[in-house]
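User: Could you walk me through a part of this structure?

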Amino acid sequence: MKDITLATINARYIHASLGLRYLFANMGELQPRTLLQEFTLEQRPEDIVELLLRDEVKIIGFGVYIWNVLETTDVMRFIKILRPDIQLVIGGPEVSYELDEQPICKLADFVITGAADTAFAELCEEILRGDKPSKLVSSLPIQLDSLASPYPWYSDEDVAHRVLYVEASRGCPFKCEFCLSSLDKSAVAFDLPHFLDQMQQLIDRGARQFKFVDRTFNLKAETSRQILEFFLTQMDKGLFLHFELIPDRLPEVLLNILPRFPPNSLQFEIGIQSFNAEVQKRISRRQQHERTCTNLVWLRENTTAHVHADLIFGLPGEDLHSFGEGFDLLYSLGPQEIQVGILKRLRGTPIARHTAEYDMRYQATPPYRILAHKDANFDTIQRMVRFARYWDLIGNSGRFPSTLPTLLGDSPFVRFMGLSDWLFKTTAQTHRIALPKLFELLRTHLLTELQLDMDTVHEQLLSDHKHNRLKGVPAFARQQQPSAAAIDASRQAEAATAQRQRRHL
């Protein structure tokens, strides 16, 4: 008999919810009476409700995030109509701040703000006893080492088919105002021997992909070293590890160990966000410019790590020209991917203090993206939204290693913005552009808009056509056969390597 359901709606199936498993692991005596259910955004709210109501539960707890708050709200509306007796509890970062403005908080019977690892179980005990708890539950600070481990609750299917999220520390000492972690007092580490023991158990069960959610993995060099040394001894098993790094902190101990990792085993997400020193200061971001640039170059030249670097457009005081200079600089440093993000005003973040001074206007609904500010009007923001989409499609995808340098020339941002504007004018699409069609569009732009040499353009596009292992011969090659191009080295990459990362080899 199950009295309690823990549920969340993940963005995709491959994402297994770490937060839900923390809650389940810490249910105590209520765990045998608790069911864990995960869904995805692809499922219709009414279908999710049907599955949730198959058990005669008394309490349903929802993990609420920016990507699922609207869908979760719809699910809860259905449940309130069909089973008003069920107590609905919500928690998560999206419902921990600005509660009065949110329809989902009005629907809920209880709202837990902050870390709910143990607070959810305590609330369930009160409800099941027939007590009358307050609707708003503010969780107390947690001693991390007192928590039961979530990792045993990754199922065999999770281990075999999904990315496993893990954390060696929680919190962040930095105060970047666009990030919810800016509200943390500091970063606190879990007991390292116990954590590594849990990782060993996952590896023994067959886990091969680990994504660390630590905001500052390289904050303490000695801890980072021990974690890396542990995984390095397991590399014969074909592990893939994802870490988020502070860009200006690579102490000697990490410089010594990182080159020892084999190809296709490391991915680093590195938040640059902005190279504009005034903007960095305005949003309380500390970043040493020279050391950041040096470290990015060192990573590319001395390791086989896949570097995914982030920039944010829409920060207060940064215009298109300033952002473009930062983009060009970052491109010159050679990361395999540059993630161009558009600023979002996450609930509770201090970025809101700049709203009036910089006339910052945001979407009223998730994802709360910036729509305009005094240095970038709505049209400019829209151009950058399209730029980001096309850049991911062409620049980040690894599909055009031969053509991309020619396309970007010595002015990457200006040249790609020109392509972005032209693509949208020509197709009125940012999605559902088939790859063969994209090849033809790039050819047309390179020849007619940039007026580049036809033989060079055809040779590079044909090389990329082979790189993508597309069948047949492209239309332009049927008319003019370019010189033979070497097949890209990625064709010799390990078959187990993640496809997108493999294209960048």
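This is a predicted model: local features need pLDDT of at least 70, side-chain atom pairs count only at pLDDT 80 or more; totals for chains, interfaces and linings use all residues.

User: Which residues of helix 7 are buried?

Analyst: Taking buried as under 20% relative accessible area and exposed as over 50% (1.4 Å probe, protein chains only), the buried ones in helix 7 are L192, F195, L196, Q198, M199, L202 and I203. Seen down the axis of helix 7, these residues fall within an arc of 155 degrees, so they line one face of the helix; the arc is that of the directions from the helix axis to the C-beta atoms. Helices here are DSSP runs of H or I with at least four residues, and strands are runs of E with at least two, numbered from the N terminus.

User: And what is on the face turned away from the buried side?

Analyst: That face of helix 7 carries the exposed residues P193 and D204.

User: New topic: where is Q273, and is its phi positive or negative?

Analyst: Q273 sits in strand 12 (residues 266–273), and its phi is positive, about 70 degrees, although Q273 is not a glycine. Most residues other than glycine have a negative phi.

User: Is Q273 buried or exposed?

Analyst: Q273 counts as buried, at 9% relative accessibility.

Methods: Residues are numbered from 1 along each chain as its sequence is written. Side-chain values use heavy atoms; hydrogens and water are left out.
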